[in-house]
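Biologist: I would like to learn how to read a model of two chains. Please take one feature at a time.

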Amino acid sequence: MLQVKNLHKSYTVGKQHYEVLKGVSLSVEKGEFVAVMGPSGSGKTTLLNCISCYIPFQSGEILLGGTALAALDENALARVRNTKLGFVFQDFMLIDGLTVRDNIMLPRIISGNTGGDMEQIADRLCELFGIDHIKHKYPAEISGGEKQRTAVARALINHPLVILADEPTGNLDSKSSRAVIQSFEQARRELGATIFMVTHDSFSASYCDRVILMKDGVVYRELRNVGDRSAFQDHLLAAIKEMSRE
Amino acid sequence: MRTFSEVYAALRRKNRGHYRMLTGCSFFSVLLITAYVTMMRSPTVLTVLPEGGDSRKQVMMVFVLACVGCAMFTLYASSIFFRQKSRETGVFLLLGASRKQIRALLFADLARISFGSCIAGAALGAPLAWLIWRVFRLVVVDSEEMVLTFDPTAGLFALCFSVFVIVMLFVMGARFLRRTNIIDVVNESHKTEPIREVKAWYGTVGIVLMIVGGLLGYLAPSFCVRVLQWYPPSIVSGICYIPLFIGLYLLLLHTVVNGWRRGKSRYKHIITTSIMKFQGRQTVRNMLVITVLIAGAYFASFYTPMLGVGAMMGYAERPIDYAYHYRADQNMVTESEVREMAKEEGVTITNWVEGEGAELGMDGTTQIETETPVGTTYTTEYVEMLSSEIVLSERTYNALTGQQIDVQPGHIRAVCDDNGDNQNMFDPDVTRLTNLVTGEVMHVIPDSDAPLCYTMLFGRYVLDDGDYETITRRLEGRKWFDHIVFFNVSDCDASYAFAKRLFHAIVDRSSPEVEVIDAYNIGAEQYYQSIGKEYAMAPENLAKYQLSPIDYDQRDSSDFRLYWKYMPQFRVLDQNDFVRTMAVYLMLFIFIAIICFAAVIIIAYTRCLTIALANKQLYEDLRHLGASPDYLFRTARGQVSRVFITPCIVGTTGIFALYAMIMYLNDNQFTFQELVGMGACLIIVLACTLVIYGVYRSARKQVCRLLGI
């Protein structure tokens, strides 16, 4: 579904040259829930921004559903962002002037695909994520967890190939975090969604099938969740501890 | 909601405050500029302000300042608008909207805002100018000259400014959308404005540069003219003023970023300073605009008190209540007719003195000008008969003035003002007199170091009685003589009706031959004829050189009262008709001041509200940190006061210092009239400062309300 091959990305600030990604390679299969973890400056958000086509990269390749993103022009990239990718951000990125339901429908409205089922799908997503009762409210009137679940619903409305989530629980309390992560799980389980999430939170990551640990711009290690969530979280914490010692 | 344009419309409704602000700012800018240009290009004003004169230059200078101010203000408003729009635009882009989609909707919005505000501003500008003028006519003064007429070319200026606003909004919009990095757009509204390091010396250097720029800008043109014999194009003085504006920018930057407080008191204002620091460039730009507009507004405001006080004191200081002169060949009202008229009007004439002078040719130096691509250069040339002036005998001078002077035979003395100053209006160093009928020449020695002081006879010359007799002996024809009459009355203030009647009688008795402007000089006309050139001051040539001709039928117009060569000087008439005569000048400058102050108030008020909106979160954080309401109030007050107080102080003191410098450098001293005039200006400053303080209080209250303090 998503393949990243030997990705290099660097920044130049004044006379200083920073190499952020130093040949990152990874792949995410359909229906998989993958997290990327790592210390600050490890390159995880840069990786996500490259996959999201927000920032250009120097070399390497990103394939989404078999399509190389680097070769696409601006209009094609916009179509990819609209139909093949779904986004969930730490600060929700909802439009304050639109209701919850309108926010969810926004990707469909942008694409002009406002057929008869758009509103039903939006309503179904609201029900699925437990935000049906607030669907006519504005973002300013709902809680952080509800905002993030709205963002998850919005990310799913166009049935994307992959949902890209950047610290989706970073601004939430533990209860809301759990609700959001559970909504991801639900999306994967009931809608077959593929989720690629960047996070600092081992609790959130423990819900994933796989966690990729990054350090200094390279993939340091991959961990697979083979059963119990709590045990996987312990395993993760131990791996992070070990990584920080090296 | 099923289409993207419906989403956009919903957001427009939701964010109508942002739209209103941009629309209001654009509208306001175009309105002010249109009103200003309507007035500036009005035939009512143009016929009164002499072409190439200082007043017209001042009006143009303040117009340029107002244009720059309004342009920057609109630019600022648009940058806030796009900043507020950046988040939703970023979200649209990241959700897959194409730039083309967003551009179409954004440009439709911009078209609505820009065309709507510009059309409304341009349409209402002229009515606003008319309305303000109408209020002046109703409340202050009304005269035939005050009837406001419009010139269609003013519309062109308004159109140009409107086009600028429209193009600027679209360019800003296109620039906003062109940003390729979505991350930057998404984060735009969270970004603080970067500001480069501001060194501690910026403030001091700024003040020095302002002083240097002010002096350079004022002195360089006269240096060019006097020393280099070069009339530089106006742009040269503009360039010389550049250090002043750089200095002003440095000074404001230092004030905003570093502040002037050192030591521990710095911590007391740390929040205010840090907030201002990160409002950075926009705050400094706004403060710069406000400072410049305040300076422009005061510059215009000072015109009326300086002129008014100067004129009124001049009238009051005259030693003679009634003075008039006429060419001796005119069938003028006689002494008995004047006395009869006075009797009929219940006025008692207390003393009467009259005398006669002769119009004689004078030598002098003239400028031979050469047009070059970089202005006009000149060389000077001595001419034996350059112009003609009225020359009195010492006996006549003594009789008219009551002084007892003695001019040595073979010498000549010029009559200056009461301070002995010739005000650079004439050359006192005359060495050769010519009888304009016979061509007979008399060589004289000018007593330049002992000028005669008598303002009522300013510009005339005095000869020894014998010399006068010799040079005028064969000056045949009464037209070469000038008859001067001085008299006082017992109650001057009560003699307005008599003064008016006598003035009309003098005009009615004057022939078309003397329907000339005061700059007309028969000797100069002869000189120009002798070198085969056209004399611009001749009545038949005035229109050609865009000068207003003198017309006896327009005897109440300012042109007539100010520029008729034989205009009587009647104290009561001049005092009572001053405002009426100068109405257009006075009201025009008051109008300009109102426009500039209105711009200042709106810009400063808007800026304060934006600061409040931008820092709402910070105030929440401060509350969480335990800041008391009193502390929050003090920090809010600190921000608002910086927007108002710094530009007010800098603009007011700067323009006051510039004005004082101009007054002083005119004659290297402050005359009593100038000091009193500046005192009157100070009262205006106090009054305007009080108004601005009121607006400051209102802005402060509104900011506190927005911040929940």
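Predicted model: local features only at pLDDT ≥ 70, side-chain atom pairs only at ≥ 80, totals over all residues.

Biologist: How many helices and strands does chain B have?

Modeller: Helices (H or I, at least four residues) and strands (E, at least two) are DSSP runs numbered from the N terminus. Chain B has 23 helices and 12 strands. Its C-alpha trace spans about 100 × 55 × 55 Å along the principal axes.

Biologist: How do I read the packing of two helices?

Modeller: Two packed helices are described by the angle between their axes and the distance between the axes. Axes are lines fitted to C-alpha atoms, for helices over the stretch in contact, and angles run from 0 to 180 degrees between N-to-C directions. In chain B, helix H2 (residues 16-40) and helix H6 (residues 153-178) pack at about 160 degrees, with axes 9 Å apart. H2(B) is therefore roughly antiparallel to H6(B) (an angle over 145 degrees).

Biologist: Which residues of H2(B) and H6(B) make the contact?

Modeller: Two residues are in contact if their C-beta atoms, placed from the backbone, lie within 7 Å. Among them are B:Ile33 and B:Val37 of H2(B), and B:Phe157 and B:Phe161 of H6(B). The residues of this contact divide into 8 nonpolar, 5 polar and no charged. Ala, Val, Leu, Ile, Met, Phe, Trp, Tyr, Cys and Pro count as nonpolar, Asp, Glu, Lys and Arg as charged, and the others, Gly among them, as polar.

Biologist: Where is B:Thr671, and why does it count as partly exposed?

Modeller: B:Thr671 is in the loop between helix H22 (629-667) and helix H23 (672-706) of chain B. A residue is buried if 20 or more other C-beta atoms lie within 10 Å of its own, exposed if 12 or fewer, and partly exposed in between. B:Thr671 counts as partly exposed because it has 18 C-beta neighbours inside 10 Å. In chain B, 37% of the 709 residues are buried.

Biologist: How many residues does each chain give to the contact between A and B?

Modeller: Chain A gives 22 residues and chain B gives 21. On the side of chain A, H2(A) gives the most, with 7 residues.

Terms used. Residues numbered from 1 in each chain as written. Chains lettered and ligands numbered in written order. Parallel < 35°, antiparallel > 145°, perpendicular 65-115°, else oblique.
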